[in-house]
Amino acid sequence: MASVAGWAAASTQGAFPPLPRAVAQSLYRRMRAVAPAAVGAIERDRVTDPEQAFSDTACGRLAGSLDDAGLRALGMWTHHWCMRFYDDDTRVGRRLVREIAARPGLGWTADEVHWMLRESFSAGPAAADRFTLPRAASAQLAPADELPSAAQRPEVEVPRQRRPDLSG
């Protein structure tokens, strides 16, 4: 499965100007801080009852333990993970994204929303839930930080990352 997100999506010319490298590195640093706990929670939730109340899941407990900045980082990491590996196995991650998207007042920044939108456009239509979190986060932006409408944002072409040859 090819990656459709990451630094290539953050720095590719297209509908959005590229994020400054320092901004992108800051976003990735915050996401890396929550990644180990997120991976563990997602793995634990994959083997549990999908109908379980979110607050009773490992992801729900993790989300409940974070402040707003940590929850934004968790949402961005999960969004990033889902865009890179979007398939049937991302059910738990997509639920986590929906739960975070439903939380008001997280204080998203324009840079965070900009980054998520670039990844979403780069993922293409196969990732049906790709705009769930960016749309919710965009709706929470202050009027001065609002991004251009979807009609003003053409899709971004991001070169696919090559998969390593594992044949020999």
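User: Which residues in helix 2 meet helix 6?

Analyst: This is a predicted model. In it, Val-23, Leu-27, Tyr-28, Arg-30 and Met-31 of helix 2 are in contact with helix 6. On the helix 6 side, the partners are Asp-111, Glu-112, Trp-115 and Glu-119.

User: What classes of residue make up that contact?

Analyst: Five are nonpolar and four are charged. No polar residues take part.

User: And how do the axes of helix 2 and helix 6 cross?

Analyst: At roughly 85°, and the axes come within 11 Å. Helix 2 spans residues 21-46, and helix 6 spans 110-123. Angles of 65 to 115 degrees count as roughly perpendicular, so helix 2 is roughly perpendicular to helix 6.

User: Is Cys-82 buried or exposed? And Cys-59, buried or exposed?

Analyst: Cys-82 is buried, at 2% relative accessibility. Cys-59 is buried too, with a relative accessible area of 1%.

User: Aromatics next. How many aromatic pairs are there?

Analyst: Three. One of them is Trp-77 with Trp-81, and that pair is stacked. The ring centres are 6.2 Å apart, with 15° between the planes.

User: Where do Trp-77 and Trp-81 lie?

Analyst: Both are in helix 4, four residues apart. That is about one turn of the helix.

User: Which parts of the chain does the pair link?

Analyst: Phe-121 is in helix 6, while Phe-131 is in the loop between helix 6 and helix 7. They are ten residues apart, and the pair links distant parts of the chain. Phe-121 and Phe-131 are both buried.

User: Last one. Where is Leu-74, and is it buried or exposed?

Analyst: Leu-74 is in helix 4, residues 68-84. Leu-74 is buried, with a relative accessible area of 0%.

User: Leaving out residues up to four places away in sequence, what does Leu-74 touch?

Analyst: Val-34, Ala-38, Leu-62, Ala-63, Leu-66, Leu-96 and Ile-100.

User: How far is the C-alpha of Leu-74 from that of Arg-32?

Analyst: 9.2 Å, with the two residues 42 apart along the chain.

Key
Residues are numbered from 1 along each chain as its sequence is written. This is a predicted model: local features need pLDDT of at least 70, side-chain atom pairs count only at pLDDT 80 or more; totals for chains, interfaces and linings use all residues. Side-chain values use heavy atoms; hydrogens and water are left out. Helices (H or I, at least four residues) and strands (E, at least two) are DSSP runs, numbered from the N terminus. Buried means under 20% relative accessible area, exposed over 50%, partly exposed in between (1.4 Å probe, protein chains only). Contact means heavy atoms within 4.5 Å. Axes are lines fitted to C-alpha atoms, for helices over the stretch in contact, and angles run from 0 to 180 degrees between N-to-C directions. Angles under 35 degrees count as roughly parallel, over 145 as roughly antiparallel, 65 to 115 as roughly perpendicular and the rest as oblique. Ala, Val, Leu, Ile, Met, Phe, Trp, Tyr, Cys and Pro count as nonpolar, Asp, Glu, Lys and Arg as charged, and the others, Gly among them, as polar. Rings of Phe, Tyr and Trp (its six-membered ring) pair if their centres lie within 6.5 Å; planes under 30 degrees apart count as stacked, over 60 as edge-to-face and the rest as tilted.
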